[in-house]
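User: I've got the model open, and I'd like to know what sits behind each label. Let's take the labels one at a time.

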Amino acid sequence: WRHCHDLVQNYDETLCEAWKDEIDKLLVFAGLFSAAVTAFVVESYTWLQEDPTEASLRILTKISLQLQSNNIATELPYTTSNFIPQATNIRVNILWYLSLTLSLATVVTGILCMQWLREYRKYTGVFPDKATLSIRQMRFDGLHKWGVPKIISALPTLLQVAVILFFVGLVDFLWHINIMVALPVVICIGLILLFVLFTTLAPTVQASLPSSFVDIDYRIINQCPYKSPQSWLFILLS
């Protein structure tokens, strides 16, 4: 039992450390990305409300006109603002706020996964080896039954969706400000998204082709290595 216990413990340590290392890196990137998006959001939310300076200027203009007409005794009429945010500003804010929300959701979920993994590994040094193996197997089955590995695998995809939403909002924002500035950014983002799309679809395309791993000379073709969570999801949906 001791030998089995050591083998299982080494397996769990390797697996959990790999997950922990991946989550740590995702948390660092998600934190930096959230800070970057927040810098844009702090500025963009003001586009959804009327500029206080313009409102004050409108009131002062009415007062000035009234004074010029020597009608000081007349009560100033109540004026309501007809401010309506531009459709572009609304779209950009929706995209950037969604991006920030998904990024922070990645952080929260990653922290939860770290807690789950820490509790999962608390089975050594308490009970005899045989009982420890039983407890470990129970937790291992529960870990997979409740989809913890799938949740961990979904974290990079969630963060990638957040980045894509930010890119789309950035393009929309720049396109309505200055097309000359937007064009290089659009080209760069387009190439990035094409690369992501290619690496997502390539494994499915290769697997769906007849004799996809053997060419006409019966030589083995290297298998596509682009196996990411989103590519596996596309395979399941196709």
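User: How much space lies in the second largest pocket, and what counts as a pocket?
Analyst: About 210 Å³ lies in it. On a 1 Å grid over the protein atoms alone, a pocket is an open set of points with protein on both sides within 12 Å along at least five of seven lines, while a cavity is a set where a 1.4 Å probe fits but cannot get out. The volume is the space filled by probe spheres set on the points, which are joined across faces, edges and corners. This is a predicted model, where local features need pLDDT of at least 70, side-chain atom pairs need 80 or more, and totals for chains, interfaces and linings use all residues. Numbering runs from 1 along each chain as its sequence is written, and side-chain values use heavy atoms, leaving out hydrogens and water.

User: What makes a residue part of a lining, and which ones line the second largest pocket?
Analyst: An atom within 4 Å of a point does it. The lining includes Thr157, Gln160, Leu193, Thr200 and Phe234. Helix 5, helix 6 (179-208) and helix 7 each give two or more residues, and helix 6 gives the most, with 5. Helices here are DSSP runs of H or I, at least four residues long, and strands are runs of E, at least two, numbered from the N terminus.

User: What volume does the largest pocket have, and which residues lie nearest its centre?
Analyst: Its volume is about 260 Å³. Of its 13 lining residues, Lys150, Ser153, Ala154, Pro229 and Trp232 lie nearest the centre. Helix 1 (2-44), helix 5 (148-175) and helix 7 (229-237) are the elements that give two or more. Helix 5 gives the most, 6 residues, and the classes come to 8 nonpolar, 3 polar and 2 charged.

User: At what angle do helix 6 and helix 7 cross?
Analyst: Roughly 45°, with the axes coming within 8 Å. That makes helix 6 oblique to helix 7: under 35 degrees would be roughly parallel, over 145 roughly antiparallel, 65 to 115 roughly perpendicular, and the rest is oblique. Angles run from 0 to 180 degrees between N-to-C directions, and axes are lines fitted to C-alpha atoms over the stretch in contact.

User: Why are helix 1 and helix 5 called roughly parallel?
Analyst: They pack at about 20°, axes 11 Å apart, so they count as roughly parallel. Helix 1 passes helix 5 in a left-handed crossing.

User: And why are helix 1 and helix 3 called roughly antiparallel?
Analyst: Their angle is about 155°, with the axes 8 Å apart, so the label is roughly antiparallel. Residues in the contact of helix 1 with helix 3 divide into 19 nonpolar, 8 polar and 3 charged.

Key
Nonpolar A, V, L, I, M, F, W, Y, C, P; charged D, E, K, R; others polar. Left-handed = near helix turned anticlockwise from the far one by under 90°.
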